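Keep the 3D view open as you read.

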Amino acid sequence: MSKLFLIPALNPDTTLTKLIHQIIDKIKLLDEKKNEYLILIVNDGSYNESSKDILKDISLINNVHIINNSYNLGKGAALKIGIKYAKDNNFDFVITADADGQHLSDDIIKLSNTVEKNSDYFVLGIREFNKKIPLRSKIGNIMTKVIFNLILRKRLADTQTGLRAFSKKYYNQLISLPEKKYDFELSSLIAISRIGDFFQVPITTIYEPGNPTSFFRPFKD
């Protein structure tokens with residue numbers, strides 16, 4: 001089986017480099033020789049010079065490929081580019097993660113293993129929204145979770161999680177969605193709810209104080 005670890009990135013710092021090395025080390029420890037894998041970074045128009053240098057160094061790492069967008073298209077567009085790459089190159093599974101350090105490599109591998117055993121499901125890494133979560137992130141998740149649960153009668157604990165895993169069964173549905181920015185993440189859940197079901201996996205909740213590296217705008221997005 002082949003897996004694509006898909007990470008959209010806008011002006012990443014060395015956190016992304018560390019995450020990539022951690023994912024590779026975890027895969028080596030598991031000795032998954034039966035599985036082929038690639039870590040795909042979709043550089044969504046990064047403009048910081050330091051980020052460009054980081055991405056250049058990352059491109060030299062084995063089992064890593066970078067697709068460069070000439071300008072910022074939006075997180076949804078970056079994810080769709082990665083999913084289409086998975087489809088065109090016959091990857092069996094896609095595991096998406098964020099580039100800002102919100103997802104531990106242990107949790108990324110956990111979802112990778114879960115989706116392999118539950119390929120009919122759309123797997124979500126579910127965070128615990130407690131008092132330590134920044135208000136801006138809590139607002140976004142509460143709003144979308146309530147709307148999602150009321151309209152579609154699907155109880156999801158975290159509709160904004162960027163840590164997701166799914167099989168080729170869902171590629172066409174996701175690629176065809178028109179949304180290009182953060183709205184893609186909620187739109188994708190709505191679309192998936194009509195053709196499949198969800199498998200929710202608890203993950204570690206990580207936030208920097210104030211969540212400064214996030215580009216998410218709670219109300220507008």
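This is a predicted model: local features need pLDDT of at least 70, side-chain atom pairs count only at pLDDT 80 or more; totals for chains, interfaces and linings use all residues.

A residue counts as buried when its relative accessible area is under 20%. With a relative accessible area of 1%, F122 is buried. Y170, at 0% relative accessibility, is buried as well.

Now look at how F122 meets other rings. A pair of aromatic rings is described by the distance of the centres and the angle of the planes. There are seven aromatic pairs in this model. In one of them, the ring centres of F122 and Y170 are 5.6 Å apart and the planes stand at 90°, so the pair is edge-to-face. This pair links distant parts of the chain, 48 residues apart: F122 sits in strand β5 (residues 121–126), while Y170 belongs to the loop between β6 (164–167) and α6 (171–175).

F122 also pairs edge-to-face with F198, at 6.1 Å centre to centre and 90° between the planes. Because F198 lies in strand β7 (residues 197–202) and F122 in strand β5, this contact ties together parts that are 76 residues apart in sequence. Both F122 and F198 are buried. Ring pairs join F122, F166, Y170, Y171 and F198 into a cluster.

Where does F166 turn up again? Together with L79, T96, R164 and F184, F166 lies nearest the centre of the largest cavity, which has 15 lining residues. Its volume is about 100 Å³. Helices α3 (75–88) and α7 (183–193) and strand β6 each supply at least two lining residues. The lining of this cavity comprises eight nonpolar, three polar and four charged residues.

Terms used
Residues are numbered from 1 along each chain as its sequence is written. Side-chain values use heavy atoms; hydrogens and water are left out. Rings of Phe, Tyr and Trp (its six-membered ring) pair if their centres lie within 6.5 Å; planes under 30 degrees apart count as stacked, over 60 as edge-to-face and the rest as tilted. Helices (H or I, at least four residues) and strands (E, at least two) are DSSP runs, numbered from the N terminus. Buried means under 20% relative accessible area, exposed over 50%, partly exposed in between (1.4 Å probe, protein chains only). On a 1 Å grid over the protein atoms alone, a cavity is a set of points where a 1.4 Å probe fits but cannot get out, and a pocket is an open set with protein on both sides within 12 Å along at least five of seven lines; lining residues have an atom within 4 Å of a point. Grid points are joined across faces, edges and corners, and a volume is the space filled by probe spheres set on the points. Ala, Val, Leu, Ile, Met, Phe, Trp, Tyr, Cys and Pro count as nonpolar, Asp, Glu, Lys and Arg as charged, and the others, Gly among them, as polar.
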